[in-house]
Amino acid sequence: MKKINKLRMHEMVADELKAFIRERDLKQGDKLPSADAIMKLLGVGRSSLREALRYLEATDVVEVVNGKGIYVKEAGHYQMSAKIKIEDEKSALLQLMEVRRALEVLAVQLAAERSTPEQMEEMRYYLHEIEVTEGPGSSVADMKFHQAIYKAAGNPILQSLVESVWELFAVFWNAPLGRQEIFNDSFPFHQTLFDAIVERNPTKACEELNKLMNSMEQAIRNV
């Protein structure tokens, strides 16, 4: 028997919206039904929809334009994940960890060498948001922190590779294995990683990133 993973309402709403986009083959710029229509169709409240849209915006699936509506932003970012059949979520997460580690070790090394003061401030902002925000908001801030590192690496090809698999990576911030708090022990390494980037120390940045990844990997294995 397999462990049953608990999904919260906003996660189920996000999955339904992605399925809607995929099944109708919607493209970038296509408009989704209104918020009121989605709530009526899915039978959910405004807070659940708001959290779902917040997550989908963070992963570049949709864009919410105030006063105009909800639009598809980058459908291609996540469509490949729909083609992957995952029988064992834990094994899949560990395999994703290997891919993410390979890409992010390079990213933090380059970020330590190339990041601008403005990009460092963006990382600092999201690091602060991780510390002061609870619940899904903290996960979104964590996701944005890592996205800021990839951007600061200053390598458009690396960033394109990451964007092509970002929906797969996004599972790390969306209650993997049904546990929102699973990676809490990795949070201190975010600060030491950031400090190494600010110090322009690529070797130290790689070391701290590996500590962060080791913590996450152990958390997955312990579930």
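Ala148 is buried, at 2% relative accessibility. Buried means under 20% relative accessible area, exposed means over 50%, and partly exposed lies in between (1.4 Å probe, protein chains only). Ala148 belongs to helix 7, residues 136-152. Helices (H or I, at least four residues) and strands (E, at least two) are DSSP runs, numbered from the N terminus. Leaving aside neighbours within four places in sequence, Ala148 is in contact with Glu122 and Met123. Contact means heavy atoms within 4.5 Å. The C-alpha atoms of Ala148 and Glu121 are separated by 9.8 Å, and the two residues are 27 residues apart along the chain.

This is a predicted model: local features need pLDDT of at least 70, side-chain atom pairs count only at pLDDT 80 or more, and totals for chains, interfaces and linings use all residues. Residues are numbered from 1 along each chain as its sequence is written, and side-chain values use heavy atoms, with hydrogens and water left out.

## Overall layout

The protein chain holds eleven helices and two strands. From the N terminus on, the order is α-α-α-β-β-α-α-α-α-α-α-α-α. Of the 223 residues in the protein chain, 44% are buried. Among contacts with a separation of 6 or more, 76% join residues 24 or more positions apart.

The accessible surface of the protein chain comes to about 11,700 Å². Carbon and sulfur atoms account for 52% of that surface. Accessible areas come from the Shrake-Rupley method with a 1.4 Å probe; for residues, only the protein chains shown count as cover.

## The nonpolar core

The largest nonpolar core has 68 residues. Phe145, Ile149, Phe169 and Phe172 have the most contacts inside this core. Helix 5 gives the most to the core, with eleven residues. A nonpolar core is a set of buried Ala, Val, Leu, Ile, Met, Phe, Trp, Tyr and Cys residues joined through side-chain atoms within 4.5 Å. In soluble globular proteins, nonpolar side chains tend to be buried together.

Take Phe169. Leaving aside neighbours within four places in sequence, Phe169 is in contact with Leu96, Val99, Arg100, Leu103 and Tyr150.

Glu104 sits in helix 5, residues 89-114. At 1% relative accessibility, Glu104 counts as buried. The side chain of Glu104 makes a polar contact with the side chain of Tyr150, at 3.0 Å. A polar contact is a pair of N or O atoms within 3.5 Å; within protein, one must be able to donate a hydrogen and the other to accept it, and residues adjacent in sequence count only if both atoms are side-chain atoms.

Not counting residues up to four places away in sequence, Glu104 touches His146, Tyr150, Leu209 and Met213. Tyr150 is also among the residues in contact with Phe169.

## Arg124 in helix 6

Arg124 lies in helix 6, residues 117-132. Arg124 is partly exposed, with a relative accessible area of 39%. The side chain of Arg124 makes a polar contact with the side chain of Glu121, at 3.1 Å. Arg124 and Phe194 are 70 residues apart in sequence, but their C-alpha atoms are 7.7 Å apart in space.

Helix 1 has 15 residues, which should span 21 Å at 1.5 Å a residue. The end C-alpha atoms are 21 Å apart, in agreement. The expected span is 1.5 Å times one less than the number of residues. The buried residues of helix 1 include His10, Glu11, Lys18 and Ile21.

Just after helix 1, Asp25 takes a positive phi of about 55°, although Asp25 is not a glycine. Asp25 lies in the loop between helix 1 (9-23) and helix 2 (35-42). Asp25 is partly exposed, with a relative accessible area of 43%.

Arg200 also has a positive phi, near 60°, and is a residue other than glycine. Arg200 is found in the loop between helix 10 (187-198) and helix 11 (202-222). At 39% relative accessibility, Arg200 counts as partly exposed.

## The hairpin

Strand 1 (residues 62-65) and strand 2 (residues 69-72) pair in the antiparallel sense over four bridges. Two strands pair if DSSP finds at least two bridges between them. The bridge partner of Val62 is Val72, in strand 2. The two strands form a hairpin with three residues between them. Gly67, in the turn, has a positive phi of about 85°.
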